[in-house]
Structures are given as structure tokens and as C-alpha cells.
Amino acid sequence: HNEGGSSESKQEWPRIDVHKPLVDALFQHAKQQAPVVGERAGHTPGVHRAGNYTKDSLYVEGSEEDFVSLRAQQGVGSSEMEFSTIARVALQYTKHGLPVRAGMVLATLGTIPGAGFEYDAVKGSAVQELALRTALHTLSAIGKSHRQQRQQSEKNIKKRKGDASQRDGKKA
């Protein structure tokens, strides 16, 4: 997804903007869950918000300097292989009348430049747990919100029907 980055970019890259309220909710839930995970796992994962670079290979095909440049010019903080497809499918559904929102939470296990894919089991487990907790808490909150909206709509419909019945009864 695209968040941040310099507005003075020298290159134009294809961009898919994410659904900001969804990403805001993911970010807030990640910040709330990080201390919970840290207390249990002995490592509190960091929570960051950045753009994403989707490519067709998990391993770096360019130099580390290329990724440092993407970070500086485009606000990229992660690289993976699936999100552009997910976002494009969501966009197509939305264009055809079925609103679908896309956002992403990642468990970052390596850094560029830096440790790359060196794996620390304690930190890796904590980061993966945080990503899963974040996704589940966000989906739960969305479900509760939709349920509340539906209940309020049903109350409004009943009220309008009741008001209409009273008006019709007074006219008779």
C-alpha cells in the first residue's frame, strides 16, 4: 500500500491507494496488541506504517540501495508478492458495485539493509502473533460496527413504519 514518501519523487511508480479507514484500524489494533504480545512472548514487536512494494519474487532482485531509494522516495517499508493482486481484485469488485476494501498487516522478519532473512525464533514468533492478533481484532471490530449499523437501520425502518401507521390511523 502507499503511505508516506517524498512528494519530490524523481520516478512515477504505479500506485494503488489503500482504504485509509481500514489501514487506520489495522494500525491502531497493532499498537494496542503489541504490548500484550510483548508481555507474553518476551519481545515487544515494533509497529510501523509505510508503503509496500509488491514484486514477483520474494528475494531481492535489485541491490539493497534500490530498496533504500524506494524507502526514501516512495515511503516503502515492506516488500512482498501478493498485495497488488488483492488490491486490484478489490478495486474491480468495487467498480462493479460490490465495495471491497483492501489493507494489509505484515509480520516483518528481516530488514534491508541489515539482517535480511536471518531468523530469530522468539522475535519471529512474537511478530507473527502480533500480525494475526491485529488482523483478527480489526475484523472483529469491523463486524461489530456492521452489526450496530444494521441494527440501527432496522430500528429506523420500524420507526418510520410506526410513524406512517399513526398518520394513516389519524386520517381514517
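**Buried faces and salt bridges in a predicted model**

In this predicted model, helix H2 (residues 64-74) has Phe67, Leu70 and Gln74 as buried residues.

Colleague: What makes the buried residues of H2 line one face of the helix?
Modeller: Seen down the axis of H2, they fall within an arc of 65 degrees, so they line one face. On the other side of H2, Glu65 and Ala72 are exposed.

Colleague: What covers the buried residues of H2?
Modeller: The cover includes E1 and strand E2 (76-80). Glycine 75 follows H2, and its phi is positive, near 75 degrees.

Colleague: Why is the pair of lysine 20 and aspartate 24 called a salt bridge?
Modeller: The cut-off is 4 Å between a side-chain nitrogen of Lys or Arg and a carboxyl oxygen of Asp or Glu. For lysine 20 and aspartate 24 the N to O distance is 3.1 Å, so the pair counts as a salt bridge. Both residues lie in helix H1 (residues 20-41), four residues apart, about one turn of the helix.

Colleague: Why is aspartate 24 called partly exposed?
Modeller: Its relative accessibility is 25%. Buried means under 20% and exposed means over 50%, with partly exposed in between, so aspartate 24 counts as partly exposed.

Colleague: What makes Lys20, Asp24 and Arg49 a network?
Modeller: They are linked by salt bridges. Aspartate 24 meets lysine 20, and the side chains of arginine 49 and aspartate 24 also meet, at 2.3 Å, N to O.

Colleague: Are arginine 40 and glutamate 129 buried or exposed?
Modeller: Arginine 40 has a relative accessible area of 55%, so this residue is exposed. Glutamate 129 has 14%, so this one is buried.

Colleague: How many salt bridges does a search of the whole structure find?
Modeller: Four.

Colleague: Why should some predicted coordinates not be read in detail?
Modeller: Because pLDDT is low there. Over residues 1-9, pLDDT stays under 50. The chain averages a pLDDT of 81, and 82% of the residues score at least 70.

Key
Residues are numbered from 1 along each chain as its sequence is written. This is a predicted model: local features need pLDDT of at least 70, side-chain atom pairs count only at pLDDT 80 or more; totals for chains, interfaces and linings use all residues. Side-chain values use heavy atoms; hydrogens and water are left out. pLDDT is the predictor's confidence in each residue, from 0 to 100. Contact means heavy atoms within 4.5 Å. Helices (H or I, at least four residues) and strands (E, at least two) are DSSP runs, numbered from the N terminus. Buried means under 20% relative accessible area, exposed over 50%, partly exposed in between (1.4 Å probe, protein chains only). The arc is that of the directions from the helix axis to the C-beta atoms.
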